[in-house]
Amino acid sequence: MWQDFLFANGSFSSVPGSGLNLALAGLSPSTTYPITIWAFDDSSAPQPGDAPRAGDWSGGGGSGTLTFPDSPDPSSLADYNITFNATSDPAGALTITGIVSVTNPSTSHNVFINGLEVGNAIPEPSSALLGLMGLGGLLLRRRR
């Protein structure tokens, strides 16, 4: 996964707001999903003494800042990632946006993506509560 990547050309600190939009379709309508994004690249290293690269990612009401240096190389999928919850729109679509971070970005490219995972839908609290109430009712009925 670390061999291939997409990056936003021009996603430098001198171009605030530049980045990527990733459009996802075919999701369940109005449903919340955990979104995990991985990023790393050591071939376009920042200038010596520069800040690590950082991109602000958001979509569907969730957000996070993904920061990564140009070394060391990642040793597992636990390195250089963020996860946030995002909710699809009523049509089952979701747009994830990565832009140059507003806090101390590198002068090199900041918005990279090596991998994207849309996790299993997170059940609504009301659905979980209804399920628990039904289970409780069955247990009470069985007790009698």
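This is a predicted model: local features need pLDDT of at least 70, side-chain atom pairs count only at pLDDT 80 or more; totals for chains, interfaces and linings use all residues.
Q: What makes Arg53 and Asp41 a salt bridge?
A: The closest N and O atoms of Arg53 and Asp41 are 3.8 Å apart. The term requires a side-chain nitrogen of Lys or Arg within 4 Å of a carboxyl oxygen of Asp or Glu, so the pair qualifies. Arg53 belongs to strand β4 (residues 53-59) and Asp41 to the loop between β3 (32-38) and β4, so the contact ties together parts that are twelve residues apart in sequence. In general, side chains of opposite charge can pair when their charged atoms come close. A search of the whole structure finds one salt bridge.

Q: Are Arg53 and Asp41 buried or exposed?
A: Both Arg53 and Asp41 are buried. That word stands for under 20% relative accessible area, with exposed meaning over 50% and partly exposed the range in between (1.4 Å probe, protein chains only). In strand β4, six of the seven residues are buried, so the strand is mostly covered. Across the protein, buried residues make up 35% of the 144 residues.

Q: Why is Tyr80 called buried?
A: Tyr80 has a relative accessible area of 16%, which is under the 20% limit, so Tyr80 is classed as buried. Its place is in the loop between β5 and β6 (81-87). Tyr80 is not a glycine, although its phi is positive at about 55 degrees.

Q: Why does Ser30 count as partly exposed?
A: The relative accessibility of Ser30 is 40%, which lies between the limits of 20% and 50%, so the intermediate class applies. Ser30 is located in the loop between β2 and β3. Its phi is near 50 degrees, a positive value in a residue other than glycine.

Q: How is it known which strands of the open sheet are at the edges?
A: The sheet has four strands in the order β2-β7-β4-β5, with antiparallel pairing. β2 (19-24) and β5 (62-68) each have a single partner strand, so one side of each is left without a neighbour in the sheet. Direction ignored, neighbouring strands of this sheet are turned by 15 degrees against each other on average.

Q: Why is Leu132 called exposed?
A: Its relative accessible area is 58%, which is over 50%, so Leu132 is placed in the exposed class. Leu132 is found in helix α1 (residues 125-143). Together with Leu135 and Leu139, Leu132 forms a nonpolar surface patch with about 320 Å² of accessible area. Patch members have over 30% relative accessible area and no salt bridge, with like charges joined within 9 Å and nonpolar side chains (Val, Leu, Ile, Met, Phe, Trp, Tyr) within 5 Å.

Q: What elements does the protein have?
A: The protein has one helix and nine strands. These are DSSP runs, helices (H or I) having at least four residues and strands (E) at least two. From the N terminus, the elements run β-β-β-β-β-β-β-β-β-α.

Note on methods. Residues are numbered from 1 along each chain as its sequence is written. Side-chain values use heavy atoms; hydrogens and water are left out. Accessible areas come from the Shrake-Rupley method with a 1.4 Å probe; for residues, only the protein chains shown count as cover. Two strands pair if DSSP finds at least two bridges between them. Axes are lines fitted to C-alpha atoms, for helices over the stretch in contact, and angles run from 0 to 180 degrees between N-to-C directions.
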